[in-house]
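Have the sequence and the 3D view open as you read.

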Amino acid sequence: MAGVIRAVFGPVGRKLTYRRWTYLVLGATLIVPFTFAAVAIVPPVLGMLLPADTAEQPLVVAVTMTLAIIVWAAGTSFIPAVRVVEGTAARELLGPGVPAQASSRATNLEARWKTCQWFLVHIVVGAVIGGLTLFLPLGLLQSFLAPFTGEWLLARGTQVSVPSGWQSAWIPAVALVASVLLVHLVNLAGVGMTRLSQVLLGPTPADHLAELKQRAEQLAERNRLARELHDSVGHALSVVTIQASAAGRVLDGDPQFAKRALSAIEESARGALADLDHVLGLLREDEPGTQPQRTLADLDQLLDTMRLSGVALETRITGDLPGLPFAVSTEAYRIVQECLTNALKHAGKVAGAVTVTLEVEASDDALRVEATNPLTGQPPTGRGGRGIAGMRERATVLRGQIEAGPAAGAWRVRARIPL
């Protein structure tokens, strides 16, 4: 019995029902200006276009006015602000089932067309609910007076005579039942509108594609920042770690080398701080004061730092490096930096034991980078680190190729980036 009572009177005491009722009545309010416009414009236009006897026929007038209302309402729905207002009201009044995209502007024709359908459904359903909302309360109030007056006023100037006394006691009961049924109708209409909003106000395939594109761009940006941190800060930390260890071992026996090592640590740490500040600025989506985008124009400084770190360099640099495209120059700089860092980490940690042969050639069609160092330590396998993978990503972004692996007792990295 309790379950039946909850099923019958549950929607009557539910706040969400009356919020949905408010949204549906708003639809009835929206149709009023279109109705007034149709009443004022359609009859005169029909009188000019059709014969008098045809233009005055009620069916012709009603159909034409209905079409005019639908056309004007559909045209209005294509105004961008209409979707925002409609969607915001739906999210606030219909309940949590309305998608979040409902209150955002339509970004494509499909979304605008679905907004048009939603607007038309809203005003039509709202007109029905609004008409019943105006009629039933008045009929309910008059139903309690009908057994005493013997009259039931349905509309202005129109009265229905009913028996007086107990013979009309059924009228208030029917009116009460009709009122409860109206509440259930409003609740069902609200549920239906909520489910329909997921189809008409939810994301379109174009929105899904745009979201996937945005996620892909965000992922690419995160990978780019990860590469920047690995190549810049990771390079500096490698230099600092190795030089600090070497300086500690030879501090008493070779103070000059220890001094050079400390200078390399200072220079690497200063550069790492600048790079880290730049990357953190990008993560905060602000504009840092400096943006250290190093290119091959800074190659000499990098080579000097590596020499201070104990790397013996044999270099052969040819071509117009300053004339390279900016993107090629920045990515190539990071590739060279990673090659030298790997050589420093994997080729040996004793002062003077690391020898790297570096060749950088800029021709008319491509930039070629080759770095070779002896395998005096454990060769890098690519597991546990991201250096080789990062270099391959940098080359791939620019349609280039990169090869890394052992060759004739040495570790060789070859990169080619087309111009």
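**Helix pair and sheet**

Helix α2 (residues 15–49) and helix α5 (residues 80–93) have axes that come within 9 Å and cross at roughly 155°. That makes α2 roughly antiparallel to α5 (over 145 degrees counts as roughly antiparallel). Axes here are lines fitted to C-alpha atoms, for helices over the stretch in contact, with angles from 0 to 180 degrees between N-to-C directions. This is a predicted model, where local features need pLDDT of at least 70 and side-chain atom pairs count only at pLDDT 80 or more, while totals for chains, interfaces and linings use all residues. Residues are numbered from 1 along each chain as its sequence is written, and side-chain values use heavy atoms, leaving out hydrogens and water.

**α2 against α5**
- On the α2 side, L16, R19, R20, T22, Y23, L26 and L30 meet E86, A89, A90, E92 and L93 of α5 (contact means heavy atoms within 4.5 Å).

**The sheet**
- Five strands form an open sheet in the order β3-β4-β5-β7-β6, with mixed pairing (strands pair if DSSP finds at least two bridges between them).
- Its edge strands, β3 (311–318) and β6 (401–407), each pair on one side only.
- From one strand to the next, the twist averages 10°.
- β3 and β4 (residues 354–362) run parallel, joined by eight bridges.
- A312 has T355 in β4 as its bridge partner.

**Helices on the sheet**
- Helix α10 (residues 299–308) packs on the sheet and touches β3 and β4, its direction making about 160° with that of β3.
- Helix α12 (residues 387–397) also packs there, touching β6 and β7 (410–418), at about 150° to the direction of β6.
- Helices (H or I, at least four residues) and strands (E, at least two) are DSSP runs, numbered from the N terminus.

Definitions and conventions: Angles under 35 degrees count as roughly parallel, over 145 as roughly antiparallel, 65 to 115 as roughly perpendicular and the rest as oblique.
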